[in-house]
Amino acid sequence: AQSVSQHNHHVILSEAASLELGCNYSYGGTVNLFWYVQYPGQHLQLLLKYFSGDPLVKGIKGFEAEFIKSKFSFNLRKPSVQWSDTAEYFCAVRTNPNFGNEKLTFGTGTRLTIIP
Amino acid sequence: GAVVSQHPSRVICKSGTSVKIECRSLDFQATTMFWYRQFPKQSLMLMATSNEGSKATYEQGVEKDKFLINHASLTLSTLTVTSAHPEDSSFYICSAKGLAGGIHEQYFGPGTRLTVT
C-alpha cells in the first residue's frame with residue numbers, strides 16, 4: 001500500500017528564514033502530488049500540485065515544490081517565510097489518477113510556527 | 001472558487017445516539033465525495049469514497065454499518081455515525097471532487113468536530 005512520510009513534525013522558524021519541508025512517498029506507479037495547508041481553525045487549502053511536466057512547481061503565497069522521481073520526494077520550499085505562514089502543512093499523494101480507484105493519501109503533517 | 005460546506009461544524013452527543021453530518025458542494029457538482037477522519041495531531045485518514053447514486057466504498061478497517069454514507073445527489077453527501085461511542089470522537093472532514101472554475105479537482109470542507117460523551 002502507498003504511504004507518505006513527512007520528516008518534520010514541528011518546525012519553528014523566525015520570519016524571513018528559508019523553509020524546506022520534506023515529503024517522501026512509496027508507490028511505484030503514476031502519482032499526482034499535492035501540498036495542502038491548514039491554517040488554525042480553517043479548512044484544508046491547496047498550496048500547489050504536480051501532475052506532470054516541469055518538476056519544479058510554483059504555488060500560491062510564494063511556495064514551490066520540486067518533484068524528484070528518483071528519490072520519491074516532493075519537498076516544499078519558501079525562500080522567506082512570514083508570520084502568517086504559521087499553519088499545518090500536509091503532503092498528499094494521489095495514486096491511480098484517472099482511474100476509478102484513485103486514492104489521496106496524506107502524510108502526518110508538519111506544524112510550522114513562525115516567530116515574529 | 002469551489003466551496004464545500006459541512007454541517008454542523010461542532011456536535012456533542014451522548015454515547016449510544018446517532019449523529020448525521022452533511023457535506024455539500026455549493027457551486028459545483030461533485031461526481032465523487034470522500035470522507036476523512038482526523039485525530040488530534042495526526043493526518044487525515046480516508047474512511048470511504050462515494051459516487052452519486054451508488055454505494056460507498058469503505059477503506060479497510062472502517063465499519064460500514066457504523067459509518068453510514070449516503071450520496072443522494074451531486075451536491076450532497078451525508079455521514080451518519082450510528083450508536084456513537086467516545087472513541088468515535090474525532091474531526092470528520094468531507095471532500096468533494098468535481099469541475100469548478102474549469103478545474104477538475106478535489107475540494108475540502110471545513111470539518112465537523114464530533115465529541116461523544
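Q: What makes the meeting of A:K103 and B:E59 a salt bridge?
A: In this predicted model, the side chains of A:K103 and B:E59 come to 2.6 Å, N to O. The cut-off is 4 Å between a side-chain nitrogen of Lys or Arg and a carboxyl oxygen of Asp or Glu. The pair A:K103 and B:E59 therefore counts as a salt bridge. Across the interface of chain B and chain A, the rule finds 3 salt bridges.

Q: Why is the link of A:R94 with B:E105 said to join two chains?
A: The closest N and O atoms of A:R94 and B:E105 are 2.8 Å apart, and the two form a salt bridge. A:R94 lies in strand β10 of chain A, and B:E105 lies in strand β10 of chain B, so the pair joins two chains. A:R94 is buried, and so is B:E105.

Q: What does chain B bring to its contact with chain A?
A: Chain B gives 15 residues, and chain A gives 15 residues. The area buried between them is about 1,300 Å², with 51% from carbon and sulfur atoms. On the chain B side, B:S43, B:E105 and B:F108 lose the most area, together 37% of what that side buries.

Q: How many residue pairs are in polar contact across the interface of chain B and chain A?
A: The rule finds 4 residue pairs, both residues at pLDDT 80 or more. Strands β4, β5, β9 and β10 of chain B each supply at least two residues of the side that touches chain A. Among them, β10(B) gives the most, with 4 residues. The residues of that side divide into 7 nonpolar, 5 polar and 3 charged.

Q: How do you know that A:C23 and A:C91 form a disulfide?
A: Their sulfur atoms are 1.9 Å apart. The cut-off is 2.5 Å, so a pair of cysteine sulfur atoms within that distance is a disulfide. A:C23 and A:C91 pass.

Q: Which cysteines of chain B does a disulfide join?
A: B:C23 is joined to B:C94, S to S 1.9 Å. With 75 degrees about the S-S bond, this link is right-handed. B:C23 sits in strand β3 and B:C94 in strand β9 of chain B, 71 residues apart. B:C23 is buried, and so is B:C94.

Q: What makes A:R77 and A:E64 a tie between parts of chain A?
A: They form a salt bridge, with the closest N and O atoms 3.5 Å apart. A:R77 lies in strand β9 and A:E64 in strand β8, so the pair ties together parts that are 13 residues apart in sequence. A:K58, A:E64, A:E66 and A:R77 are linked in a network of salt bridges.

Technical notes: Residues are numbered from 1 along each chain as its sequence is written. Chains are lettered from A and ligands numbered from 1 in the order in which they are written. This is a predicted model: local features need pLDDT of at least 70, side-chain atom pairs count only at pLDDT 80 or more; totals for chains, interfaces and linings use all residues. Side-chain values use heavy atoms; hydrogens and water are left out. Contact means heavy atoms within 4.5 Å. Buried area is the accessible area (1.4 Å probe) that two parts lose on being put together, summed over both. A polar contact is a pair of N or O atoms within 3.5 Å; within protein, one must be able to donate a hydrogen and the other to accept it, and residues adjacent in sequence count only if both atoms are side-chain atoms. Ala, Val, Leu, Ile, Met, Phe, Trp, Tyr, Cys and Pro count as nonpolar, Asp, Glu, Lys and Arg as charged, and the others, Gly among them, as polar. Buried means under 20% relative accessible area, exposed over 50%, partly exposed in between (1.4 Å probe, protein chains only).
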